[in-house]
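Trainee: I would like to go through the labels on this structure. Please tie each one to its cut-off.

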Amino acid sequence: QTKKQQKRKSFGILSVAEGQGLRSLFTELGSSLVLDGGESISLSTQSFLDAFEEINADTILVLPNDGNIALVASQAAKLEPHRQICLLPSFSMQQGYFALAMTSGLEEQSLAKTMEAEIKKVSSYFVAEASKNGPHYSQGDFVGGQDKQIWVSGKDLNQVALALFERIPHLEDNEAVVVFVGEGVKEEDQNALEESFMERYPSLEIGFVPGGQAHYCYWIGVYQ
């Protein structure tokens, strides 16, 4: 039975995620389909058009979760003649996560508008291993910051992560923090960071999630 023969749904959600853990999580949170993509995994317009066909819904919300992926998704949306495509301004995995997690169970009619509001409440940060020398760090050091800006650096992964937390404005005034843990991070490092964080910020809700992303040790999302 082909998709065209199957009954068409009124509504669906298409997400993009990098890392097995994140793809599984986005599925659990209600995505109809999750494409494997992100900063280091590019997608074509055809991959989006095929995904629209597979979801087989009149209206499809799209969470691209990366700036470059969003451009491709926008091109694909213009080429889709049979469905209403609503492209949400989600430019990081952290924004996509909170957009889904904070709108679970809402009516379809209000979902796009509410997701957009939730996305605006999320600030996204990173800790990664430097791939080249910089002004204040060397290749192989750990660096942390926001967007493409590097705020902190050092030789010890968790010390860099904790230094980054200290640089986040008014961190303790926020509602929740999520940390997506990369595939190369050791379990003992994750456990040590979680323990240190809870000691320093006992009133702040935090979740550590195995994201499985390849090139970032930690993706950090702060929800206001």
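Mentor: The structure holds eight salt bridges. This is a predicted model, where local features need pLDDT of at least 70, side-chain atom pairs count only at pLDDT 80 or more, and totals for chains, interfaces and linings use all residues. Residues are numbered from 1 along each chain as its sequence is written, and side-chain values use heavy atoms, with hydrogens and water left out.

Trainee: Why is the pair R8 and D58 called a salt bridge?

Mentor: A salt bridge needs a side-chain nitrogen of Lys or Arg within 4 Å of a carboxyl oxygen of Asp or Glu. For R8 and D58, the N to O distance is 2.9 Å. So the pair meets the definition.

Trainee: How do you know whether D141 is buried or exposed?

Mentor: Buried means under 20% relative accessible area, exposed over 50%, and partly exposed in between (1.4 Å probe, protein chains only). D141 has 7%, so D141 counts as buried.

Trainee: And what makes K155, its salt-bridge partner, buried or exposed?

Mentor: K155 has a relative accessible area of 65%, so K155 is exposed. The closest N and O atoms of D141 and K155 are 2.7 Å apart.

Trainee: Which label does R8 get?

Mentor: R8 has 34% relative accessibility, so R8 counts as partly exposed.
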